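Please look over the sequence and the structure shown here before reading on. The report below takes up a few features in turn.

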Amino acid sequence: MCVTCGCSDDGEIKITNIETDEAEHNHTHTLPDGTVITHSHSHDNHHIEAPQIHAKIHNTTISLEQDILAKNNLLAAQNRGWFKGRNILALNLMSSPGAGKTTLLTRTINDLKQQLSISVIEGDQETANDAKKIKETGSKVIQINTGTGCHLDASMIERGLQQLNPPLNSVVMIENVGNLVCPALFDLGEQAKVVILSVTEGEDKPLKYPHIFRASDVMILTKIDLLPYVNFDVKNCIEYAVQVNPQIKIFQVSATTGVGLDNWYKWVTKN
């Protein structure tokens, strides 16, 4: 279980290479001393439970939150060095479910594929639906299914990168699990966090979920083509976001019509 947010109690993590459809299943347990134990098995192997590990987990106290975050941050620092050594721009895309991350991502890949090599790590609790959409763009993609987990962490990214093997001088887009809380707590080793908010959500989201907006370098306000049909105050939303994070960069876009995407593309290419 993730003792920071309480998710993924005895859950299963699966990393799938969409090119080969080979899946690696990982059962991850955190012991009271902070040790993380992972059991892995493929489709061709049977998973063997370890009763003594479960006894340690379920009959003892929970590890301290700072120990878990410290271990994650250490792995994140290693990921960051890995990216830097290969001149790879890594972006962590976060939003609530249905905000339009995948639609924006596929449009970005298709529009920039002549300029940039973009690879993708897809995070969802279940299915490879979004990874299949990314594959249709011709981009390299790895699917990470977190089971009951509500966020990606640095260890998952490390293992995903081993299979993804992105080229030098490229971009890696990490589409996090849809959630406005926990993804902001976990450093993945990315260069920047990007929070995506759609106009079909409330304009007060930056005030209700301040940590993710405070932690993000960029906010993308999506689905602006729907503004005539929804009750959403853009001015107030931007004011709330700046109130929480005065340094946040804001783009207003429609991945459907293409409005505003040029400014987002300029930001990606210059970084």
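## Terms and confidence

A residue is called buried when its relative accessible area is under 20%, exposed when it is over 50%, and partly exposed in between. By this cut-off aspartate 130, with a relative accessibility of 15%, counts as buried.

The model is predicted, and the protein chain has an average pLDDT of 86, with 80% of the residues scoring at least 70. Over residues 29-37, however, the pLDDT is below 50, although this stretch has 31 contacts in the model beyond near neighbours in sequence. Residues 41-62 also stay under 50, and for them the model has 30 contacts beyond four places in sequence. Where pLDDT is low, the predicted coordinates should not be read in detail.

Strand β9, which spans residues 218-222, is mostly covered, since five of its five residues are buried. In a regular strand the side chains alternate between the two faces of the sheet. In β9, Val218, Ile220 and Thr222 point one way, while Met219 and Leu221 point the other way.

Strand β8 (residues 192-198) runs parallel to β9 and is joined to it by five bridges, with serine 198 standing opposite threonine 222. Strand β10 (residues 249-252) also pairs with β9 in the parallel sense, over four bridges, and here methionine 219 has isoleucine 250 as its bridge partner. Between β9 and β10 the chain passes through helix α8 (residues 234-244), and this β-α-β crossover is right-handed.

## Salt bridges

The count of salt bridges comes to six, and one of them links aspartate 187 with arginine 80, whose closest N and O atoms are 2.7 Å apart. Because aspartate 187 lies in the loop between β7 and β8 and arginine 80 in helix α2, the pair ties together parts that are 107 residues apart in sequence. Aspartate 187 counts as buried, at 18% relative accessibility, whereas arginine 80 is partly exposed at 34%.

Two further salt bridges each lie within one helix. In helix α4 (residues 129-135), aspartate 130 and lysine 133 are three residues apart, about one turn of the helix, and their side chains meet at 4.0 Å, N to O. Lysine 235 is exposed at 56% relative accessibility, while glutamate 239 is partly exposed at 40%.

Key
Residues are numbered from 1 along each chain as its sequence is written. Side-chain values use heavy atoms; hydrogens and water are left out. Buried means under 20% relative accessible area, exposed over 50%, partly exposed in between (1.4 Å probe, protein chains only). Helices (H or I, at least four residues) and strands (E, at least two) are DSSP runs, numbered from the N terminus. Two strands pair if DSSP finds at least two bridges between them. A crossover is right-handed if, with the strands pointing away from the viewer, the path from the first strand over the helix to the second runs clockwise. pLDDT is the predictor's confidence in each residue, from 0 to 100. Contact means heavy atoms within 4.5 Å.
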